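Subject: Structure handover, aromatic contacts

Hello,

Here is the structure for you to work with. My notes on its aromatic rings follow below.

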Amino acid sequence: MTAPWEEAEDQNIIQTLKKTKRKSLIRSILISITVSVVVIIAVFIGAAQLVDRMSTNALFSEERYMSISSPNEYGAGFKDNRGFLSGVLEMQTYKIIGDVPIPWKNRWLNYNAWWFPFTTGAYGGASNLTVEDPRMKQEGYEYYRGYNSYNGQREMAFYVPGVDYNGKMLNDLAELNQMNGDKRVELAVSFDRDYSFEEAKNLLPAGVKPVWYWVDTYDDREGFQFKPYPNENHPDKMNYPLPMSANYGVYGFGVRPDWDQASPEDFIGSVTFGMKKKDIHHGEYQRIYNYLRKDKAAPEAGDVRILGVVVTGTADGLKSLQGKAYVRAAVLGAVADKY
(Lines give C-alpha, C1' and ligand atoms only; values in the text may rest on other atoms or scores of the structure.)
Protein backbone atom coordinates (compact mmCIF):
# COMPACT_ATOMS: atom_id res chain seq x y z
CA MET A 1 0.00 0.00 0.00
CA THR A 2 1.00 3.55 -0.70
CA ALA A 3 1.64 5.64 2.36
CA PRO A 4 -0.55 8.75 2.83
CA TRP A 5 2.42 11.04 2.61
CA GLU A 6 3.36 9.46 -0.72
CA GLU A 7 -0.14 10.07 -2.10
CA ALA A 8 0.02 13.69 -1.04
CA GLU A 9 3.39 14.06 -2.73
CA ASP A 10 2.01 12.54 -5.95
CA GLN A 11 -0.89 14.99 -5.91
CA ASN A 12 1.50 17.89 -5.51
CA ILE A 13 3.55 16.70 -8.44
CA ILE A 14 0.42 16.31 -10.57
CA GLN A 15 -0.76 19.82 -9.66
CA THR A 16 2.66 21.26 -10.40
CA LEU A 17 2.74 19.56 -13.80
CA LYS A 18 -0.73 20.86 -14.61
CA LYS A 19 0.28 24.40 -13.67
CA THR A 20 3.44 24.10 -15.73
CA LYS A 21 1.49 22.82 -18.75
CA ARG A 22 -1.10 25.56 -18.33
CA LYS A 23 1.60 28.25 -18.16
CA SER A 24 3.36 26.71 -21.14
CA LEU A 25 0.09 26.63 -23.11
CA ILE A 26 -0.72 30.22 -22.22
CA ARG A 27 2.80 31.28 -23.14
CA SER A 28 2.55 29.43 -26.48
CA ILE A 29 -0.81 31.03 -27.22
CA LEU A 30 0.52 34.50 -26.38
CA ILE A 31 3.59 33.92 -28.51
CA SER A 32 1.44 32.67 -31.40
CA ILE A 33 -0.89 35.65 -31.12
CA THR A 34 2.04 38.05 -30.98
CA VAL A 35 3.74 36.42 -33.96
CA SER A 36 0.46 36.38 -35.90
CA VAL A 37 -0.19 40.05 -35.19
CA VAL A 38 3.37 40.95 -36.19
CA VAL A 39 3.08 38.87 -39.39
CA ILE A 40 -0.31 40.40 -40.27
CA ILE A 41 1.01 43.91 -39.68
CA ALA A 42 4.09 43.13 -41.77
CA VAL A 43 1.92 41.67 -44.56
CA PHE A 44 -0.34 44.73 -44.64
CA ILE A 45 2.60 47.12 -44.53
CA GLY A 46 4.29 45.18 -47.33
CA ALA A 47 1.02 45.03 -49.31
CA ALA A 48 0.49 48.78 -48.84
CA GLN A 49 4.00 49.51 -50.09
CA LEU A 50 3.52 47.15 -53.04
CA VAL A 51 0.17 48.73 -53.95
CA ASP A 52 1.72 52.20 -53.66
CA ARG A 53 4.49 51.18 -56.06
CA MET A 54 2.02 49.55 -58.49
CA SER A 55 -0.20 52.64 -58.40
CA THR A 56 2.74 54.96 -59.11
CA ASN A 57 3.95 52.76 -61.97
CA ALA A 58 0.45 52.46 -63.46
CA LEU A 59 -0.10 56.23 -63.32
CA PHE A 60 3.29 56.98 -64.85
CA SER A 61 2.72 54.37 -67.56
CA GLU A 62 -0.67 55.79 -68.53
CA GLU A 63 0.52 59.40 -68.53
CA ARG A 64 3.48 58.47 -70.73
CA TYR A 65 1.22 56.58 -73.16
CA MET A 66 -1.27 59.45 -73.22
CA SER A 67 1.53 61.79 -74.27
CA ILE A 68 1.79 60.01 -77.66
CA SER A 69 -1.73 58.61 -78.14
CA SER A 70 -4.13 61.37 -77.01
CA PRO A 71 -4.09 64.45 -79.26
CA ASN A 72 -4.27 67.71 -77.30
CA GLU A 73 -5.35 65.88 -74.12
CA TYR A 74 -3.68 66.26 -70.73
CA GLY A 75 -3.97 64.83 -67.25
CA ALA A 76 -5.92 66.89 -64.70
CA GLY A 77 -5.50 64.77 -61.58
CA PHE A 78 -6.59 61.34 -60.40
CA LYS A 79 -8.33 59.35 -57.68
CA ASP A 80 -6.81 56.13 -56.39
CA ASN A 81 -9.17 53.49 -54.99
CA ARG A 82 -6.89 50.94 -53.34
CA GLY A 83 -7.70 47.45 -52.17
CA PHE A 84 -5.53 44.57 -51.00
CA LEU A 85 -2.80 44.04 -53.61
CA SER A 86 -4.92 45.80 -56.25
CA GLY A 87 -6.61 49.07 -57.07
CA VAL A 88 -8.10 51.27 -59.72
CA LEU A 89 -7.01 54.72 -60.87
CA GLU A 90 -9.59 57.20 -62.07
CA MET A 91 -7.83 59.82 -64.18
CA GLN A 92 -9.40 63.11 -65.23
CA THR A 93 -8.25 64.78 -68.44
CA TYR A 94 -8.78 68.11 -70.16
CA LYS A 95 -8.06 69.88 -73.44
CA ILE A 96 -6.87 73.38 -74.18
CA ILE A 97 -8.76 74.95 -77.07
CA GLY A 98 -6.92 78.11 -77.95
CA ASP A 99 -6.62 79.56 -74.48
CA VAL A 100 -9.70 77.88 -72.97
CA PRO A 101 -9.44 74.63 -70.91
CA ILE A 102 -12.26 72.08 -71.34
CA PRO A 103 -12.81 69.01 -69.10
CA TRP A 104 -12.63 66.04 -71.43
CA LYS A 105 -13.04 62.57 -69.95
CA ASN A 106 -12.38 60.12 -67.13
CA ARG A 107 -10.13 57.13 -67.63
CA TRP A 108 -10.18 54.03 -65.40
CA LEU A 109 -7.08 51.93 -65.06
CA ASN A 110 -6.95 48.68 -63.08
CA TYR A 111 -3.74 47.47 -61.50
CA ASN A 112 -2.88 44.47 -59.34
CA ALA A 113 -0.15 41.99 -58.52
CA TRP A 114 -0.11 39.54 -61.43
CA TRP A 115 -0.26 36.53 -59.11
CA PHE A 116 -3.15 37.87 -57.00
CA PRO A 117 -6.52 36.48 -58.26
CA PHE A 118 -8.83 38.97 -56.54
CA THR A 119 -8.87 42.58 -57.68
CA THR A 120 -10.41 45.89 -56.81
CA GLY A 121 -11.33 47.25 -60.21
CA ALA A 122 -13.57 49.17 -62.55
CA TYR A 123 -15.09 47.43 -65.52
CA GLY A 124 -16.76 48.84 -68.59
CA GLY A 125 -16.81 52.56 -69.25
CA ALA A 126 -18.20 55.21 -71.51
CA SER A 127 -17.68 55.08 -75.26
CA ASN A 128 -18.12 57.74 -77.90
CA LEU A 129 -21.57 58.90 -78.86
CA THR A 130 -22.51 58.70 -82.51
CA VAL A 131 -25.09 61.08 -83.96
CA GLU A 132 -26.49 60.97 -87.47
CA ASP A 133 -25.45 63.98 -89.49
CA PRO A 134 -28.06 64.91 -92.15
CA ARG A 135 -25.41 66.18 -94.56
CA MET A 136 -23.29 63.04 -94.15
CA LYS A 137 -26.36 60.86 -94.67
CA GLN A 138 -27.35 62.77 -97.80
CA GLU A 139 -23.85 62.42 -99.23
CA GLY A 140 -23.77 58.66 -98.60
CA TYR A 141 -21.31 58.39 -95.71
CA GLU A 142 -21.19 54.91 -94.19
CA TYR A 143 -20.27 56.15 -90.72
CA TYR A 144 -21.39 58.73 -88.19
CA ARG A 145 -19.60 61.60 -86.56
CA GLY A 146 -18.29 60.82 -83.07
CA TYR A 147 -19.02 62.88 -79.96
CA ASN A 148 -17.46 62.86 -76.52
CA SER A 149 -19.80 61.09 -74.07
CA TYR A 150 -18.79 63.30 -71.11
CA ASN A 151 -19.40 66.77 -72.54
CA GLY A 152 -21.06 66.33 -75.95
CA GLN A 153 -18.17 67.90 -77.88
CA ARG A 154 -17.13 66.56 -81.26
CA GLU A 155 -14.33 64.01 -81.45
CA MET A 156 -11.63 64.51 -84.06
CA ALA A 157 -10.93 62.00 -86.81
CA PHE A 158 -7.95 61.50 -89.13
CA TYR A 159 -7.60 60.25 -92.72
CA VAL A 160 -4.42 58.39 -93.69
CA PRO A 161 -2.82 59.68 -96.92
CA GLY A 162 -3.14 57.28 -99.84
CA VAL A 163 -6.04 55.32 -98.35
CA ASP A 164 -9.19 55.04 -100.48
CA TYR A 165 -12.15 56.33 -98.45
CA ASN A 166 -14.47 56.24 -101.47
CA GLY A 167 -14.39 60.02 -101.51
CA LYS A 168 -16.12 60.22 -98.11
CA MET A 169 -13.82 62.51 -96.15
CA LEU A 170 -15.04 65.28 -93.88
CA ASN A 171 -13.92 68.83 -94.46
CA ASP A 172 -15.37 71.09 -91.78
CA LEU A 173 -13.43 74.22 -92.81
CA ALA A 174 -16.59 75.68 -94.39
CA GLU A 175 -18.32 75.49 -91.00
CA LEU A 176 -15.89 78.09 -89.67
CA ASN A 177 -17.74 80.66 -91.80
CA GLN A 178 -20.93 80.00 -89.84
CA MET A 179 -19.32 80.51 -86.41
CA ASN A 180 -18.73 83.58 -84.32
CA GLY A 181 -15.21 84.52 -85.39
CA ASP A 182 -14.04 84.63 -81.77
CA LYS A 183 -14.96 81.00 -81.06
CA ARG A 184 -12.04 78.84 -79.92
CA VAL A 185 -11.72 75.83 -82.21
CA GLU A 186 -9.83 72.53 -82.33
CA LEU A 187 -9.28 71.03 -85.77
CA ALA A 188 -7.72 67.77 -86.98
CA VAL A 189 -6.04 68.44 -90.32
CA SER A 190 -5.12 65.40 -92.45
CA PHE A 191 -2.45 66.04 -95.09
CA ASP A 192 -2.44 64.92 -98.70
CA ARG A 193 0.83 63.01 -98.11
CA ASP A 194 3.46 62.53 -95.46
CA TYR A 195 5.87 65.38 -94.69
CA SER A 196 8.96 65.90 -92.61
CA PHE A 197 8.54 67.82 -89.37
CA GLU A 198 10.06 70.99 -90.81
CA GLU A 199 7.95 70.73 -93.95
CA ALA A 200 4.79 70.31 -91.88
CA LYS A 201 5.58 73.38 -89.78
CA ASN A 202 6.26 75.49 -92.86
CA LEU A 203 3.03 74.42 -94.57
CA LEU A 204 0.80 76.11 -92.01
CA PRO A 205 -0.19 79.75 -92.41
CA ALA A 206 1.04 82.30 -89.90
CA GLY A 207 -1.22 82.44 -86.87
CA VAL A 208 -2.31 78.79 -87.10
CA LYS A 209 -0.99 77.07 -83.98
CA PRO A 210 -0.12 73.36 -84.26
CA VAL A 211 -0.47 71.68 -80.86
CA TRP A 212 0.00 68.06 -81.96
CA TYR A 213 1.69 66.30 -84.90
CA TRP A 214 0.24 63.04 -86.20
CA VAL A 215 3.00 60.51 -86.98
CA ASP A 216 2.96 57.67 -89.51
CA THR A 217 3.13 54.50 -87.38
CA TYR A 218 1.19 52.23 -89.74
CA ASP A 219 3.49 49.32 -90.45
CA ASP A 220 0.81 46.93 -91.74
CA ARG A 221 -1.62 48.68 -94.06
CA GLU A 222 -3.73 45.54 -94.59
CA GLY A 223 -3.82 44.81 -90.87
CA PHE A 224 -5.24 48.28 -90.28
CA GLN A 225 -7.91 47.60 -92.95
CA PHE A 226 -6.72 50.44 -95.16
CA LYS A 227 -8.04 48.75 -98.28
CA PRO A 228 -11.64 48.23 -99.44
CA TYR A 229 -13.02 44.76 -98.69
CA PRO A 230 -16.20 42.88 -99.72
CA ASN A 231 -19.39 43.42 -97.75
CA GLU A 232 -20.44 40.08 -96.21
CA ASN A 233 -24.15 40.86 -96.49
CA HIS A 234 -23.93 42.39 -99.96
CA PRO A 235 -21.16 40.68 -101.99
CA ASP A 236 -21.68 43.14 -104.85
CA LYS A 237 -20.77 46.05 -102.56
CA MET A 238 -17.49 47.04 -100.96
CA ASN A 239 -16.77 48.29 -97.47
CA TYR A 240 -14.34 51.18 -97.37
CA PRO A 241 -11.91 52.09 -94.58
CA LEU A 242 -13.07 54.34 -91.76
CA PRO A 243 -11.12 57.34 -90.51
CA MET A 244 -8.91 56.91 -87.48
CA SER A 245 -10.54 58.14 -84.28
CA ALA A 246 -8.63 60.46 -81.97
CA ASN A 247 -9.34 57.87 -79.25
CA TYR A 248 -7.62 54.91 -80.87
CA GLY A 249 -4.90 54.18 -83.39
CA VAL A 250 -3.27 57.59 -83.78
CA TYR A 251 0.16 58.44 -82.36
CA GLY A 252 2.14 61.61 -82.32
CA PHE A 253 3.70 64.35 -80.23
CA GLY A 254 2.95 67.92 -79.33
CA VAL A 255 3.20 70.79 -76.93
CA ARG A 256 2.26 70.62 -73.25
CA PRO A 257 0.56 73.12 -70.96
CA ASP A 258 3.93 73.96 -69.43
CA TRP A 259 6.07 73.66 -72.58
CA ASP A 260 5.27 75.10 -76.02
CA GLN A 261 8.01 73.32 -77.98
CA ALA A 262 7.61 70.02 -79.85
CA SER A 263 10.10 67.96 -81.83
CA PRO A 264 10.41 64.49 -83.39
CA GLU A 265 13.05 63.68 -80.76
CA ASP A 266 10.28 63.93 -78.16
CA PHE A 267 8.34 61.19 -79.91
CA ILE A 268 11.35 58.92 -80.38
CA GLY A 269 12.34 59.45 -76.76
CA SER A 270 8.88 58.56 -75.47
CA VAL A 271 8.68 55.42 -77.62
CA THR A 272 12.20 54.29 -76.68
CA PHE A 273 11.62 54.88 -72.97
CA GLY A 274 8.26 53.10 -73.05
CA MET A 275 9.74 50.14 -74.89
CA LYS A 276 12.42 49.68 -72.24
CA LYS A 277 9.92 49.85 -69.37
CA LYS A 278 7.97 46.82 -70.65
CA ASP A 279 4.60 47.86 -69.28
CA ILE A 280 1.17 46.98 -70.69
CA HIS A 281 1.82 49.12 -73.79
CA HIS A 282 5.19 47.52 -74.52
CA GLY A 283 3.94 45.76 -77.67
CA GLU A 284 2.83 49.03 -79.27
CA TYR A 285 6.04 50.82 -78.34
CA GLN A 286 8.07 47.95 -79.82
CA ARG A 287 6.00 47.92 -83.03
CA ILE A 288 6.34 51.68 -83.53
CA TYR A 289 10.07 51.63 -82.72
CA ASN A 290 10.76 48.87 -85.25
CA TYR A 291 8.68 50.58 -87.94
CA LEU A 292 10.49 53.89 -87.51
CA ARG A 293 14.00 52.49 -87.48
CA LYS A 294 13.51 50.14 -90.45
CA ASP A 295 16.90 48.40 -90.89
CA LYS A 296 18.87 50.81 -88.68
CA ALA A 297 19.94 50.25 -85.11
CA ALA A 298 17.67 53.02 -83.82
CA PRO A 299 15.20 55.52 -85.29
CA GLU A 300 16.27 59.05 -86.11
CA ALA A 301 14.35 62.34 -86.30
CA GLY A 302 14.15 62.08 -90.09
CA ASP A 303 12.28 58.77 -89.76
CA VAL A 304 9.34 60.57 -88.15
CA ARG A 305 6.93 61.39 -90.96
CA ILE A 306 4.00 63.72 -90.30
CA LEU A 307 0.56 62.78 -91.68
CA GLY A 308 -1.39 65.68 -90.20
CA VAL A 309 -1.69 68.09 -87.32
CA VAL A 310 -4.10 69.23 -84.64
CA VAL A 311 -4.42 72.99 -84.63
CA THR A 312 -6.27 75.31 -82.27
CA GLY A 313 -7.20 78.96 -82.51
CA THR A 314 -10.11 81.24 -83.29
CA ALA A 315 -12.60 80.40 -86.01
CA ASP A 316 -11.47 83.47 -87.94
CA GLY A 317 -7.80 82.56 -87.55
CA LEU A 318 -8.25 79.00 -88.85
CA LYS A 319 -10.07 80.16 -92.00
CA SER A 320 -6.63 80.67 -93.53
CA LEU A 321 -6.52 76.87 -94.02
CA GLN A 322 -9.39 77.01 -96.50
CA GLY A 323 -8.35 76.18 -100.03
CA LYS A 324 -4.92 74.81 -99.11
CA ALA A 325 -3.94 71.97 -101.44
CA TYR A 326 -2.21 69.99 -98.71
CA VAL A 327 -5.42 69.74 -96.61
CA ARG A 328 -7.00 66.43 -97.59
CA ALA A 329 -9.54 66.53 -94.76
CA ALA A 330 -10.30 68.66 -91.72
CA VAL A 331 -12.48 67.50 -88.83
CA LEU A 332 -13.71 69.74 -86.04
CA GLY A 333 -13.09 68.72 -82.47
CA ALA A 334 -13.97 70.78 -79.42
CA VAL A 335 -15.36 74.30 -79.77
CA ALA A 336 -15.46 76.78 -76.89
CA ASP A 337 -16.45 80.33 -76.12
CA LYS A 338 -13.77 82.76 -75.04
CA TYR A 339 -15.60 83.49 -71.78
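Are Tyr65 and Tyr285 buried or exposed? In this predicted model, Tyr65 is buried, and Tyr285 is buried as well. For Tyr65 the relative accessible area is 14%, which is under the 20% cut-off and therefore counts as buried.

Ring pairs

The count of aromatic pairs comes to 16. One of them joins Tyr65 and Tyr251: the ring centres are 6.1 Å apart and the planes stand at 70 degrees, so this pair is edge-to-face. Tyr65 belongs to helix α1 (residues 4–69) and Tyr251 to strand β12 (residues 251–254), so the contact ties together parts that are 186 residues apart in sequence. Tyr251 has a relative accessibility of 4% and therefore counts as buried.

Tyr65 also pairs with Tyr285, with the centres 6.1 Å apart and the planes at 90 degrees, so that pair is edge-to-face too. This pair links distant parts of the chain, with Tyr65 in helix α1 and Tyr285 in helix α5 (residues 282–293), 220 residues apart.

Elsewhere, Phe158, Trp212, Trp214, Tyr218 and Phe226 are linked by ring pairs into a cluster.

Charges over rings

Lys95 places its charged end over the ring of Trp104, 4.4 Å from the ring centre. Lys294 lies over the face of Tyr291, and the distance to the ring centre is 4.0 Å.

Regards

Key: Residues are numbered from 1 along each chain as its sequence is written. This is a predicted model: local features need pLDDT of at least 70, side-chain atom pairs count only at pLDDT 80 or more; totals for chains, interfaces and linings use all residues. Side-chain values use heavy atoms; hydrogens and water are left out. Rings of Phe, Tyr and Trp (its six-membered ring) pair if their centres lie within 6.5 Å; planes under 30 degrees apart count as stacked, over 60 as edge-to-face and the rest as tilted. Helices (H or I, at least four residues) and strands (E, at least two) are DSSP runs, numbered from the N terminus. Buried means under 20% relative accessible area, exposed over 50%, partly exposed in between (1.4 Å probe, protein chains only). A charge sits over a ring if NZ of Lys or CZ of Arg is within 6 Å of the ring centre and within 35 degrees of the ring normal.
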